[in-house]
Amino acid sequence: CNKLKRKNEKTAKPLRCQILNNNFHAKESTKPIFKQHDLLTVYNLYRLRCIVEFFKIMRYRLPIAIYSLFTRSKRKDSLIITPAPSHNFTYKASWLWNLFRNSESDLDFASTSCN
């Protein structure tokens, strides 16, 4: 491929010569940058919004269709009975809410896993 190009020629390389390897780019971890600027990742924002929306649903009991999907514990009114594990809002919100209610301090969204 180097033989095809002359010194002062400004033509594009043929497609077969445009192979990108590990020397072309280096991956950079965004975790230190997010931590330095106190930013939440998309996953952490999802967890935060789940708890906020869940709080609004439980406080105002609206929309009633979504409120009826959650079951409060008979022993402790602040705990929610979690449904079968899944990836839907009902499970994630109730699981995160119970974790939030059981924690002594603020819930750390960066270290909490929904799995």
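Student: What makes Asp38 exposed?

Tutor: Its relative accessible area is 70%. Exposed means over 50%, buried under 20%, and partly exposed in between, with a 1.4 Å probe and protein chains only. Asp38 is therefore exposed. A word on the source: this is a predicted model, where local features need pLDDT of at least 70, side-chain atom pairs count only at pLDDT 80 or more, and totals for chains, interfaces and linings use all residues. Residues are numbered from 1 along each chain as its sequence is written, and side-chain values use heavy atoms, with hydrogens and water left out.

Student: Where does Asp38 lie, and what is its phi?

Tutor: Asp38 lies in the loop between helix 1 (31-36) and helix 2. Helices are DSSP runs of H or I with at least four residues, strands are E runs of at least two, and both are numbered from the N terminus. The phi of Asp38 is near 55°, a positive value in a residue other than glycine. Most residues other than glycine have a negative phi, and most peptide bonds are trans.

Student: Which loop holds Arg61, and why is Arg61 called partly exposed?

Tutor: Arg61 is in the loop between helix 2 and helix 3. Its relative accessible area is 44%, so it falls between the two cut-offs and counts as partly exposed. Arg61 also has a positive phi, about 55°, without being a glycine.

Student: Which residues does the cis peptide bond join?

Tutor: Leu62 and Pro63, with omega about -15°. Pro63 sits in the loop between helix 2 and helix 3 (64-67).

Student: Why is helix 2 called roughly perpendicular to helix 4?

Tutor: Helix 2 (residues 42-60) and helix 4 (residues 89-102) pack at about 90°, with axes 9 Å apart. Angles of 65 to 115 degrees count as roughly perpendicular, under 35 as roughly parallel, over 145 as roughly antiparallel and the rest as oblique. So helix 2 is roughly perpendicular to helix 4.

Student: How many nonpolar, polar and charged residues are in that contact?

Tutor: Eleven nonpolar, no polar and three charged. From helix 2, the residues include Tyr46, Arg47 and Glu53; from helix 4, Lys92 is one of them. Contact means heavy atoms within 4.5 Å.

Student: Which residues form the largest nonpolar core?

Tutor: Eleven residues, among them Cys50, Phe54, Phe70, Ala93 and Trp97. Such a core is a set of buried Ala, Val, Leu, Ile, Met, Phe, Trp, Tyr and Cys residues joined through side-chain atoms within 4.5 Å. Helix 2 gives the largest share, five residues. Ala93 touches Cys50, Phe54 and Phe70, leaving aside residues up to four places away in sequence.

Student: How do you know that Phe70 counts as buried?

Tutor: Its relative accessibility is 9%. That is under 20%, so Phe70 is buried. Phe89, at 29%, is partly exposed.

Student: What makes the pair of Phe70 and Phe89 edge-to-face?

Tutor: The centres are 6.2 Å apart, with 80° between the planes. Rings of Phe, Tyr and Trp (its six-membered ring) pair if their centres lie within 6.5 Å; planes under 30 degrees apart count as stacked, over 60 as edge-to-face and the rest as tilted. The pair is therefore edge-to-face. Phe70 lies in the loop between helix 3 and strand 1 (71-72) and Phe89 in helix 4, so the pair ties together parts 19 residues apart in sequence.

Student: Why is the pair of Trp97 and Phe100 called tilted?

Tutor: The ring centres are 5.6 Å apart and the planes are at 45°, so the pair is tilted.

Conventions
Axes fitted to C-alpha atoms, helices over the stretch in contact; angles between N-to-C directions. Nonpolar A, V, L, I, M, F, W, Y, C, P; charged D, E, K, R; others polar.
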